[in-house]
Amino acid sequence: MKQVYIGFAFCIAFAFSALNINAQTGYANEPFWQNDTEQNKIEVAFRTIDQQDLLGGVSVIDVEKLTEKAYTTYSLNFLENVIGGVSGNIWGMDDYLVVIDGMVRDANNVLPTEIKSIIVLKGPAAVALYGSRGAKGVVQITTKRGVEGDRRINIRANTGMHTPKSFPEYLGSAEYMSLYNEAEYNDAGSTAGKSFFPRDGRPNEVYWTASGINPYRYPDLDMYSSEYLRKAYNRSEAIAEITGGSSRTKYYTTAGYYREKSLLKLANHAKDYTSRLFVRGNLDINVSEILKVQADANVTYYDSYSARGDWWSNAATLRPHMVAPLIPLSYLEENDIPSWGLIENSNYIIDGKYFLGGTQINPTNPIADAYAAGDNKFVSRQFQFNTHFDLDLKSILQGLVMRARYGIDYASTYNQGYSNQYATFSPTWTNYAGEEMIASLEQFGVDEKSGNENITNTAYRYTYNVAAQLDYTRTFNRDHNLFAMLLANGWQRQISGQYHRLTNANLGVQASYNFQHKYYLDFSSALPYSTKLPEGNRLGFSPTVTLGWRPVKEDFFADSAFDDLMVTVSGGIISQDMDISTSDNEMGYYLYKSILQRGGWYSWADLGGEAATEFQRGDNPNLTYVKRKEVNLGLRGSLWDKLLTFDLNYFTGTMDGNIVRAHSLYPIYFTQVGYPSSSIIPYVNYNIDDRSGFDFSVYLNKEVGEVDLTLGVSGMYQETKASRRDEVIEYEYRSAIGRPVNSLWGLENLGLFQDQADIDNSPEQLFGETRPGDIKYKDQNNDGVIDENDAVYLGRWDTPFRLGLNFTAKWRDFTFFAMANGLYGGKGFKNSSYYWVRSDNKYSEVVRDRWTEETKHTATYPRLTTTSGQNNFRNSDFWIYDANRLNLSQVQVTYDIPKSALQGSFVKGISIYASGYNLLTISKERKHLELNVGSAPQTRFYNIGVIGTF
């Protein structure tokens, strides 16, 4: 933290001193930085290039321009809709790297209003210089910077309402109890206890609950009721931007605050909120004709306050008949002195009319939590500072520039709040002359406030970024354009609770040449260094080569319809250690070493009770990098005076050498099975994934009368298949080889068993007792039993094809913008507690289509059961669904007040807009896709905003 404050103070002090220097100093010669033309420059890995020289595997988003017509709240919202190649990943690879102003940072700590552009680096040549951590793609975010000219102030204000799309539909108490009785009968036949039927003098709970006469004795709790939830909740935001400067010093400053409420309105939940306050300052100083300095700082305060208790999780699990959370005092007999004594000692009499209800099974409940359990606030503080130096070394060699950057980020999080205990009371009911009263109360828990605020879950994260490079740029005879770079790059992250720091370090070399901006040759490579690997294998090599050709500069293209056309072919091998990790060792260190453990098990006393010594794995001094090997082709250009622009890419390659303990490569005696288990099989580079696909981005720009129209279509299709796996399988259909990496596996269902004869004439299913109404499965290997060997490939859970659509229509001072996305080819399992209803789970509406003797020919859901239902509730195509959908993600209408109406005032421009988000989903599975279980519901968001420029 101290380093952050020192850096921030240094930034400010340096800025003021530089301002003073520049005010007194002139330049005898044109500085090297004045040769840059900002409008046509694109930030790629560690350099800035002319847009015309951009090679394949790179996509550009002008966020600053987009936000003029499309307000959004998350920095990467446009990523998957306006360019191709991104679908939660880049070219089918997960875990891409996010870099903000040259520093490895989180995308959620910068708002779209702060961003100038986003560059997506996809191909191996584009990412090579980032070393191992950039191997799966890089998203470069460049924030806005100051511009030369008078001070300019932009003020943006937004306010809007979130409305829920849908809520889970759970059965009420009476229907639940009736069906639970049915489930008991299914499991035990006529000997079932029938928990909710009258017996042993108990009243008929189903009848009295359905009557609603006394909901406090016979509860029917609906946690999605309007009694507890708002119809909508607000989000409001205000952001200010100030920019300006001279030819020597430019500045950009922005500050903003947003506050979002919650859907919950009950008790202390009514005060729930999330807020974010931020300040960012970017400063550019041209100290002299050979030295340019940038200094940036950012501070973010994030708070999320809520009453204690997990409302949404309880809403998915707390059965409606279990507890009456608030019980009126009026049900207490006036002369019941013991009960009144308990109540009068309670600190929580709600609205002077209710006491907190509870039971022995549920001594607390989410409604009582909202009143009495206390509160909790999640606190996040982030401080970021970075600086960048460019030094022209033309006195040594014309075209030589030294660049250096350094950044330090500090983030801390913790929870603070008060945690209280409270008493609840369970009534014993009686009936006097037809009037129900409380005969007595039983207390659970005590009221206790410590008065001390708790600070828990404290965590911190340091991130250091450093890079230094020498760039050489020259043009000879106006035709031969050369660029060369020698780079040293590294970043390191320390996270509380982790012994090892996450480190990425590499050297980089780039050499580029183009002739008349027509023929291109680029060599980019990195030498990554990883301590995850054994000594001798820690230095890697990542070479890439790219060829480019702009045929429109050829004579035979002189009269073609093309305005521009660039053809590129690129190939390379990127060495990475990101995938050197395991489920029990996420950091991935020392996996090349053997583990010899003493104490895994102990002998009997007759052997002295000695601890055993056992191997957990063996040594592998040859463990090395996982390698991304890839070739990609690119085609980018425009036609008919930019009526049509396009960017197309094809990619094919492998991820070679994923680590695994390959049992198929070693003799069986390398592993001792049973108890105690032991193995000397090491981790090796073995598994291979093949990946191929294409992305596209096509824009049609047309002026029709007074209307300017733009239609953008982008997307990606990709396949990732396992080409080599460590497998020891008996049946070929069980092989993962040739299947998508993100495969869904499960049993193939044949419907529901109709009767006992159906069960008797079918293969035995080894997942517990099978009864009529259970799911029937196919015996794939014809061995007469159904077990895990009968699981087959059912589909892929990721999305092979993603489509993005955006449309803009501008007429006079009105602008209409719409954005949609489609996802096709993916599948999923309906396997949440909403669908897998068993044991004492809460019952959802899906059970209404259950199997019974009366519905056996039309049922679409298995019989109900009070057991774990192991036969039915396992992955199979019975539960699978198609995830195909088209989402209308955003619509906005903007009106720019004519500048003529503002003449003579200090206001330079005003824009007013209205927008809607997540408005529509078109899918056969829309109901499921819009449903959240155990968490807050998905929402639509309706917003109005205004931008003023001064």
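The legends below describe close-up views of cavities and salt bridges in a predicted model.

**View 1. The largest cavity and its lining.** A search of the whole structure finds three cavities of 30 Å³ or more. The largest cavity has a volume of about 80 Å³. Its lining comprises 15 residues. Nearest the centre lie Gly102, Val104, Asn465, Asn489 and Trp491. Strand 4 (97-100), strand 5 (103-104), strand 19 (454-476) and strand 20 (480-495) each give two or more residues to this lining. By class, the lining of the largest cavity holds nine nonpolar, five polar and one charged residues.

**View 2. The second largest cavity.** Strand 21 (502-515) and strand 22 (519-529) each supply at least two lining residues. Strand 21 provides the largest share, three residues. The lining of the second largest cavity divides into four nonpolar, four polar and one charged.

**View 3. Salt bridge between glutamate 630 and arginine 691.** The structure contains 44 salt bridges in total. In this one, the closest N and O atoms of glutamate 630 and arginine 691 are 2.5 Å apart. Glutamate 630 sits in strand 27 (residues 626-639) and arginine 691 in strand 31 (residues 684-704), so the pair ties together parts 61 residues apart in sequence. Glutamate 630 has a relative accessible area of 3%, so this residue counts as buried. Arginine 691 is also buried, at 6% relative accessibility.

**View 4. Salt bridge between lysine 927 and glutamate 845.** The two side chains meet at 3.5 Å, N to O. The pair links distant parts of the chain, 82 residues apart. Lysine 927 belongs to helix 11 (residues 926-929). Glutamate 845 lies in the loop between strand 41 (827-829) and strand 42 (880-882). Buried or exposed: which describes lysine 927? At 51% relative accessibility, lysine 927 counts as exposed, because the cut-off for exposed is over 50%. Glutamate 845 is buried, with a relative accessible area of 14%.

View 5. The side chains of arginine 926 and glutamate 930 meet at 3.1 Å, N to O. Arginine 926 is partly exposed, at 38% relative accessibility. Glutamate 930 is buried, with a relative accessible area of 2%.

Technical notes
Residues numbered from 1 in each chain as written. Predicted model: local features only at pLDDT ≥ 70, side-chain atom pairs only at ≥ 80, totals over all residues. Heavy atoms only, no water. 1 Å grid on protein atoms, 1.4 Å probe; cavity = no way out; pocket = protein on both sides within 12 Å on 5 of 7 lines; lining within 4 Å. Points joined across faces, edges and corners; volume = space filled by probe spheres on them. Helix = DSSP H or I, 4+ residues; strand = E, 2+ residues; numbered from the N terminus. Nonpolar A, V, L, I, M, F, W, Y, C, P; charged D, E, K, R; others polar. Salt bridge = Lys/Arg side-chain N within 4 Å of Asp/Glu carboxyl O. Buried < 20%, exposed > 50% of the residue type's maximum accessible area, 1.4 Å probe, protein only.
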